[in-house]
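Here is a brief report on one protein chain. Look over the sequence and the model before reading on.

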Amino acid sequence: MQFLSKIWTILNSNAMVGVGTLALAVVTFRMLQENRLLRQQQLRPYIAVSLERINLQGALAIEVKNCGSTPARNIKVSFPSAFPRLPVHIQVQDGPVQVALPLKTLEKGLDLLTPGQKRLFPILGGDAMVAACENLDIEKDCRIVVTYEDDYGGKYQECHVLDHRDTSWPLVSTQGL
């Protein structure tokens, strides 16, 4: 009888060790998954698009910047159909003004932006462009979509709103699609 009692004790302790080991393995596996997700979120490109004043005379530029920690590839910026296209002729007090927008270059795409790198696309007649946008619905008509890839083939698509109402500060509000 004592022999069976010892075997029973050994089996119970082995079972408890097995359950503990299994629980530890499950927790470790979940932590590895969470760490991988966190690493993917931290070590990826993040593209910001904003409208910037580039001089005191009112010239504007569309700025595309990689704020992430890895390179961004195949960056494409899509503008809504209501966004002013090239060339735009605006009537101002002194007469008509032509505004040139670099939309075709942005829609065609940029090959690469390294971390921290930015590209400026000047808009000729920036104040006239702001005047052209006065009647646009900011949330609808100035909503642009940016698509890009990382070095590992991950594809990203983000939506930005180019707010031209105040161009003294960076004007990007980002919202997921």
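The report covers the overall fold, the core, the salt bridges and a surface patch.

## Overall fold

This is a predicted model. The protein chain holds 4 helices and 10 strands. Read from the N terminus, the order of elements is α-β-β-β-β-β-α-β-β-α-α-β-β-β. Helix H1 covers residues 2-42.

The chain has 177 residues, and 34% of them are buried. Accessible surface totals about 11,500 Å². Carbon and sulfur atoms account for 58% of that surface. Take the contacts between residues at least 6 apart in sequence: 62% of these join residues at least 24 apart.

## The nonpolar core

The largest nonpolar core has 21 residues. Six members touch the most other members: Ile47, Val49, Ile62, Val64, Ile75 and Phe79.

Side chains of opposite charge can pair when their charged atoms come close. The whole structure contains 4 salt bridges. In one of them, Glu158 pairs with Arg44, with the closest N and O atoms 3.0 Å apart. This pair links distant parts of the chain. Glu158 sits in strand S9, while Arg44 sits in the loop between H1 and S1, 114 residues away. The two side chains also make a polar contact, again at 3.0 Å.

Is Glu158 buried or exposed? Glu158 counts as buried because its relative accessibility is 14%, and the cut-off for buried is under 20%. Arg44 is buried too. Leaving out residues up to four places away in sequence, Glu158 touches Arg44, Tyr46, Ile47, Ile144, Val145, Val146 and Tyr148. One of these, Ile47, is also among the core residues that touch the most other members.

Asp151 and Arg73 form another salt bridge through their side chains, at 2.6 Å from N to O. This pair, too, links distant parts of the chain. Asp151 lies in the loop between S8 and S9, and Arg73 lies in strand S3, 78 residues apart. Asp151 is partly exposed, at 39% relative accessible area. Arg73 is partly exposed as well, at 33% relative accessibility.

Lys155 and Glu149 make a further salt bridge, at 3.4 Å from N to O. Glu149 has 21%, so Glu149 counts as partly exposed.

## A nonpolar surface patch

Which residues form a nonpolar patch on the surface? They are Ile7, Trp8 and Leu11. Together they have about 320 Å² of accessible area.

Trp8 belongs to helix H1. Trp8 counts as exposed because its relative accessibility is 55%, and the cut-off for exposed is over 50%.

Key
Residues numbered from 1 in each chain as written. Predicted model: local features only at pLDDT ≥ 70, side-chain atom pairs only at ≥ 80, totals over all residues. Heavy atoms only, no water. Patch = residues over 30% accessible without salt bridge, like charges linked within 9 Å, V, L, I, M, F, W, Y side chains within 5 Å. Areas by Shrake-Rupley, 256 points an atom, 1.4 Å probe, with all protein chains shown as cover. Helix = DSSP H or I, 4+ residues; strand = E, 2+ residues; numbered from the N terminus. Buried < 20%, exposed > 50% of the residue type's maximum accessible area, 1.4 Å probe, protein only. Core = buried A, V, L, I, M, F, W, Y, C linked by side-chain atoms within 4.5 Å. Contact = heavy atoms within 4.5 Å. Polar contact = N/O pair within 3.5 Å; in protein donor to acceptor, adjacent residues only side chain to side chain.
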